[in-house]
Amino acid sequence: MSDHVIALRNVSRYYVMGEFIVKALDGVSVSIARGEFTSIMGPSGSGKSTMMNLIGCLDTPTDGQILIDGEDTSGMSEAELAFIRNQKVGFVFQQFNLLGKLTALENVVTPLLYAGYKPRERRRMAIDALERVGLADRMHHRPNELSGGQKQRVAIARALVNNPSILLADEPTGALDSRTGNQIMELFDEINSEGRTVILVTHDRELGLKAKRQIHLRDGKIEV
Amino acid sequence: MVIENVKLAFNAMRGNKMRTALSLLGIVIGVASVVAILTIGDSASQSIKDAIAIGGLDMVTIYPSPGQRNTGIFNEEFSSMLRRDVEGIDVVLPQNSSGGRIRVGQEATDASVVGVLSDYGDALNLEYAEGSFFEAMDNINRRQVAVLGSDVAKELFPDQEATGRYISLFRNQAKNYLVVGVLKSKDPTFNLSYDNSVFIPYNTYGQRFIRTANVGAFVVKVTDGFDTISVSDRITEYLDDIVGTDGYMLFSPATLAEMADQITGTFSTFLALIAAISLVVGGIGIMNIMLVSVAERTREIGVRKAIGASPSVIRGQFLIEALTLTLLGGFLGIVLGSLLSFAVTNLMDWSLHLSYASFILALGFSMFVGVFFGWYPAVKASKLDPIEALNHE
């Protein structure tokens, strides 16, 4: 297996907006090593969300190659991409994106459901993940009964439960107060120190500098 | 996965109780009408058949036409001829009858006087309140003995046993027939009312009331294990050859029962088909609510896709939700339809025959409606772009 968990080779992503073509990402090449804590930074419209979506296999490039864990994702079907998202990537969003009608435990169980684990295994793995983020005592609560920080912890547990190679966090502290945000950032540090690749997408310079490596984007290109 | 999806479906339904109830109404009404129509149809048909069956489903009665009086075919030899030539006949019982006045002293009543052989009682499984049927010797010796129907006995001997007493038939002869038995009350059949009949030996009847050797009717009992309808068809074929279609009339309760069954069957199938149209309308309601559900849950679909749900998983989730809805509607419809059938059959005094076939039909159709009308919304959900779905407000 490659020691680069993510490799972008000359990746472009263009959008057609009426008569214009927006080059959200324009010929970007970058590699991220296993176990790195990297932030992708840049102002709004710089292409960082596009890059995150491409790394997370939510989107496919107009041109270029993306390798996740050494596996070329170009030409993959929707179902194959879903499998990569399920197995290799864990998402953490600014707005948490928990399923509101499910309990914390059920939210964390959902990726395991798609992965095909048996009910007993699913439950055990989900409880382990919730313990890891310090929320085992809240597992039967629904998101609307949890604080913002707790919701984000549930989301992190959900992202980690399937033991992915990459944790992708998009402005994970954006909806939290600074104290809670710091706690979440500490949690990311811990997760990274356990050897997992963490990618933080943010426009917040101060936050981005907490990562060990920064990738700066501007107008769809990497700033050196 | 299926269990989780069913749970999710119930979650979604619980979240929008009113909307769910309204969109289920179409399916519920559709299924209820199909079940009610088929069940009521079955019950009606069964009660008609029950009424006809009283006449004896293993009996066929042949009535020679008046024109056949003197052709010499429908005489006593006919019984053995028919038994010899047509397969599946147990006994052929000749029978003559006419209306007459029965007297005991000052009491009188009108009844059918029927001349039959002594094995008539056994062949028709007659039951006795008093005494028994007369014996073969009574017939051979043309004895003046009689078995009374229950009404006749009640009329003439209101407060005492009739057996051992005498009655007079037709003419005002003094007490010349000895009563040997009284029948229990028995439902009337198409050919006669037992309760208002007096049975006397066949030969006695012949000697006393008709001078020719012609027979008024032949009651045919079909051998156990033979199908009455096919035996009656063979008799028809046989008689058509000998005397032509106008030479006789044939009455077969089994044939009538089959006809009644066919008519009610056709009728209720027709009505059920009309009711099935409402199921299609119900299906459109399901499609509507599923489209609303997909639109409302766009963000949820995005999240599920982000954490690894493939298009087929999302499609499955919404299909199962549609199926859960329609099956729930189907179950409620079956309950409602059964209650309706119960009320109607009760009102009509029919026995309730729940049409289990209609339950299966209704559930099958509900499932079909669920898949058919749930497919498009489910596919639509599965094809949503994950990024757009995630950013959906």
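## Exposure and the negative patch

Buried means under 20% relative accessible area, exposed means over 50%, and partly exposed is whatever falls in between. In this predicted model, D233(B) comes out at 42% relative accessibility, so it counts as partly exposed.

D233(B) sits in helix α8 of chain B and belongs to a negative surface patch, together with D227(B), E237(B), D241(B) and E258(B). Helix α8, residues 228-243, gives the most to that patch, with three residues.

## Chain B as a whole

Chain B carries 13 helices and ten strands. Its radius of gyration is 34 Å, well over the 21 Å that the globule rule gives for 393 residues, so chain B is more spread out than a compact globule. Its C-alpha atoms fill a box of roughly 110 × 50 × 30 Å along the principal axes. As for burial, 49% of the 393 residues are buried.

## Salt bridges

Over all chains, the whole structure has 20 salt bridges. One of them pairs E4(B) with R122(A) at 2.6 Å, N to O. That pair crosses between chains, running from helix α1 of chain B to helix α4 of chain A. R122(A) has a relative accessible area of 8%, so it's buried.

Helix α4 of chain A also holds R124(A) and D128(A), four residues apart, about one turn of the helix. Their side chains meet in a salt bridge of 3.6 Å, and R124(A) is partly exposed at 47%, as is D128(A) at 39%.

Then there's D137(A) with R138(A), also a salt bridge, at 3.6 Å. Here D137(A) is exposed at 57%, while R138(A) is partly exposed at 28%. Back in chain B, R297(B), E300(B), R304(B) and E321(B) link up in a salt-bridge network.

Technical notes: Residues are numbered from 1 along each chain as its sequence is written. Chains are lettered from A and ligands numbered from 1 in the order in which they are written. This is a predicted model: local features need pLDDT of at least 70, side-chain atom pairs count only at pLDDT 80 or more; totals for chains, interfaces and linings use all residues. Side-chain values use heavy atoms; hydrogens and water are left out. Patches are made of residues with over 30% relative accessible area and no salt bridge: like charges are joined within 9 Å, nonpolar side chains (Val, Leu, Ile, Met, Phe, Trp, Tyr) within 5 Å. Accessible areas come from the Shrake-Rupley method with a 1.4 Å probe; for residues, only the protein chains shown count as cover. A salt bridge is a side-chain nitrogen of Lys or Arg within 4 Å of a carboxyl oxygen of Asp or Glu. Lys and Arg count as positive and Asp and Glu as negative; His and the chain ends are not counted. The place of a charge is taken as NZ of Lys, CZ of Arg, CG of Asp or CD of Glu. Helices (H or I, at least four residues) and strands (E, at least two) are DSSP runs, numbered from the N terminus. Buried means under 20% relative accessible area, exposed over 50%, partly exposed in between (1.4 Å probe, protein chains only). The radius of gyration is taken over C-alpha atoms; the globule rule is 2.2 Å times the number of residues to the power 0.38.
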